[in-house]
Amino acid sequence: IRTTETRHKDAVHELWHRLEQKNQIYLGAYEGWYSVRDEAFYAETELVNGKAPTGAEVEWVKEESYFFRLSDWTQKLLTFYEENPNFIGPKGRRNEVISFVAQEGGLKDLSISRTTFSWGIPVPNDPKHVVYVWLDALTNYLTALGFPNEDNELYRKFWPAHLHVVGKDILRFHAVFWPAFLMAADLAPPKRVFAHGWWTKDGEKMSKSVGNVLDPWDLINSYGLDYLRYYLVAEINFGNDGDFSHESMCSRINTDLANDLGNLAQRALTMIFKNCEGKVPTPGGPFTAEDEKLLLAAKEQLLPAIRVCLAQQNMKGVCDAIIDVAKMGNRYIDLQAPWHLLKNDVPRMHTVLYVLVELLRCTSILLEPVMPASCSRLLDLLGVPEGHMRSFSSVPLQDSSKPITLSDPNLIAVNQLLGGKPYPVFPKLDVDSSKEVPVTTSNSNKAKATPAVGVEVDYVSKYGAQLDDVVAVGVLVTQLGNTIREMKKAKRTVEEEISGKALLKEMVQELTFLKDRYKTLNNGVAADPASAVKAQ
């Protein structure tokens, strides 16, 4: 939505009228400190070394202004927070907001108009004033849903919003001003506001003036998109500040993915490929207590635990829960030792490997929103067909009150072909500090000019052992080709078109490399990779 649209102007005017009708607005004069960058007013007591708490410059402003009677809402907001303890998250931020509202003397009335500039939405019936930016901006949440038409389908479905996710530096506007505006106009406030922290570099806030900015495009080119996604989600508790370093990136990826989940997949799938004709083995008897314990952890306990984490915006908890199940799988394979069972109890070996395949299927599905490409490749290796068996609904057992048997439709089918020779889906990162991503010291826009990655060594590092397997390379060619086709068909804005063309150029270079590799592995025959994969 653009704030210059007529529908947004109408929404802001309607909210203004409702506040006026409730005697929540009056005309007065404002004198105080204002930050242009923050678009916010600050009291003298809030300044730090003559600047705003955010570090922004402030200037003394004196002008006629309309005010919102925020002082009337001090106790009402405190009561609201008490009756809705989950309204603000995380807990530390909630305490900060309550302390601000409960400050000595309570809240002060809020200036909600300006006369020193003309851009913005004019105040109804007084066009020399424009609406204060936060009253204007916050109303976007309503405008997008069709307000002031409260019978609009979108408005009925999505308001009050279940969650606002905002930066910690704008929490006050969302957790103090916004609910006060809404309740004063007899509108429902959102159900929850969650404030995320900032990423820092080596303990310092990223800043171009300091010269320690990390460009996301450089990080993607160095570590891969899925690894970056996982690190950003799994490394810190969402809501706290997080510090980036090459060492912490390598440690997180190598420990969680390469050593835990990836190692488990490689061990189990390699045994199946070599000793079970490359097919999901048929269990050689009823599941034991140890088997059921692991299956229940992956199928019955993991998804509910993830949902609890997501309800609290605990993204790290989601990853931790999934990796904990992978660790259980590694302990299980160590204790069951299928390599020993191969010599004296093949039916039991088949059962152990089947349990591990199902565990890997469930964990891959649940981790796929964080790492879509990597988990999709792991599901391909497991031979899981597209459709229901890759969905969340396939994770829980149909009836957990009964003993687990193969008759349950939410267990992977036996005798199903794996997706080819196993390869490391999660290769280790090089902890050598010389591999660290350089910081950005200029204002260059990498989204418009992504560094070229068409050097073979980069692809060898990215794909590892996959490049030695014709089937794996064929799958990569097919997937990347499909992605490119979808991107070309997608509708984009001008800005997205510029960055999209740069990205497509790099992807086409990568596809050319993979096609050449496929041809080399396939004895010089550049056959359709999808057909070749299907045939094999």
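## Basis of the model

Because the model is predicted, local features need pLDDT of at least 70 and side-chain atom pairs count only at pLDDT 80 or more, whereas totals for chains, interfaces and linings use all residues. Residues are numbered from 1 along each chain as its sequence is written, and side-chain values use heavy atoms, with hydrogens and water left out.

## Enclosed cavities

The structure holds 2 cavities of 30 Å³ or more. On a 1 Å grid over the protein atoms alone, a cavity is a set of points where a 1.4 Å probe fits but cannot get out, and its lining residues have an atom within 4 Å of a point; grid points are joined across faces, edges and corners, and a volume is the space filled by probe spheres set on the points. The largest cavity has a volume of about 40 Å³, and the residues that line this cavity include Arg377, Asp380, Lys421, Tyr423 and Asp469. Helices α15 (372-382) and α17 (470-489) each supply at least two residues of this lining, where helices (H or I, at least four residues) and strands (E, at least two) are DSSP runs numbered from the N terminus. By class, the lining of the largest cavity has 5 nonpolar, 2 polar and 4 charged residues, with Ala, Val, Leu, Ile, Met, Phe, Trp, Tyr, Cys and Pro counted as nonpolar, Asp, Glu, Lys and Arg as charged, and the others, Gly among them, as polar.

The second largest cavity, with a volume of about 30 Å³, is lined by Tyr34, Glu39, Arg114, Phe117, Trp119, Tyr132 and Val133. This lining has 5 nonpolar and 2 charged residues, and no polar ones.

## The second largest pocket

A pocket, in contrast to a cavity, is an open set of points with protein on both sides within 12 Å along at least five of seven lines. The second largest pocket has a volume of about 920 Å³ and is lined by 34 residues, of which Phe41, Tyr42, Glu46, Phe100 and Arg172 lie nearest its centre. Strands β2 (40-42) and β5 (110-111), together with helices α3 and α7, each supply at least two lining residues, and the largest share, 5 residues, comes from α7. The lining of this pocket divides into 19 nonpolar, 6 polar and 9 charged residues.

In helix α2 (residues 74-83), Thr74, Leu77, Leu78, Phe80 and Tyr81 are buried. Seen down the axis of α2, these buried residues fall within an arc of 160°, so they line one face of the helix; the arc is that of the directions from the helix axis to the C-beta atoms. Buried means under 20% relative accessible area, exposed over 50%, and partly exposed in between (1.4 Å probe, protein chains only). The face of α2 turned away from its buried side carries the exposed residues Gln75, Glu82 and Glu83, while what covers the buried residues includes β4 (88-89), α3 (91-101) and α7 (171-184), contact being heavy atoms within 4.5 Å.

In α3, the buried residues are Arg93, Arg94, Val97, Phe100 and Val101. Seen down the axis of α3, they fall within an arc of 125°, so they line one face of the helix. These residues pack against α2, β4, α7 and β10 (193-196), and the face turned away from the buried side carries the exposed residues Lys91 and Ser99.

## Cysteines

A search of the whole structure finds 0 disulfides, a disulfide being a pair of cysteine sulfur atoms within 2.5 Å. The sulfur of Cys319 is 9.6 Å from the closest cysteine sulfur, in Cys309, too far for a bond. Cys319 is buried, with a relative accessible area of 0%, and Cys362 is likewise buried at 0%.

## Backbone features

Most residues other than glycine have a negative phi, and most peptide bonds are trans. A cis peptide bond joins Phe147 and Pro148, with omega about 15°, and Pro148 lies in the loop between α5 (140-143) and α6 (153-158). The peptide bond from Trp159 to Pro160 is also cis, with omega near 5°, and Pro160 lies in the loop between α6 and β9 (164-167).

Asn125, although not a glycine, has a positive phi of about 65°; Asn125 lies in the loop between β7 (122-123) and β8 (126-131) and counts as exposed at 75% relative accessibility. Asn415 has a positive phi of about 65° and is found in the loop between α15 and α16 (456-463).
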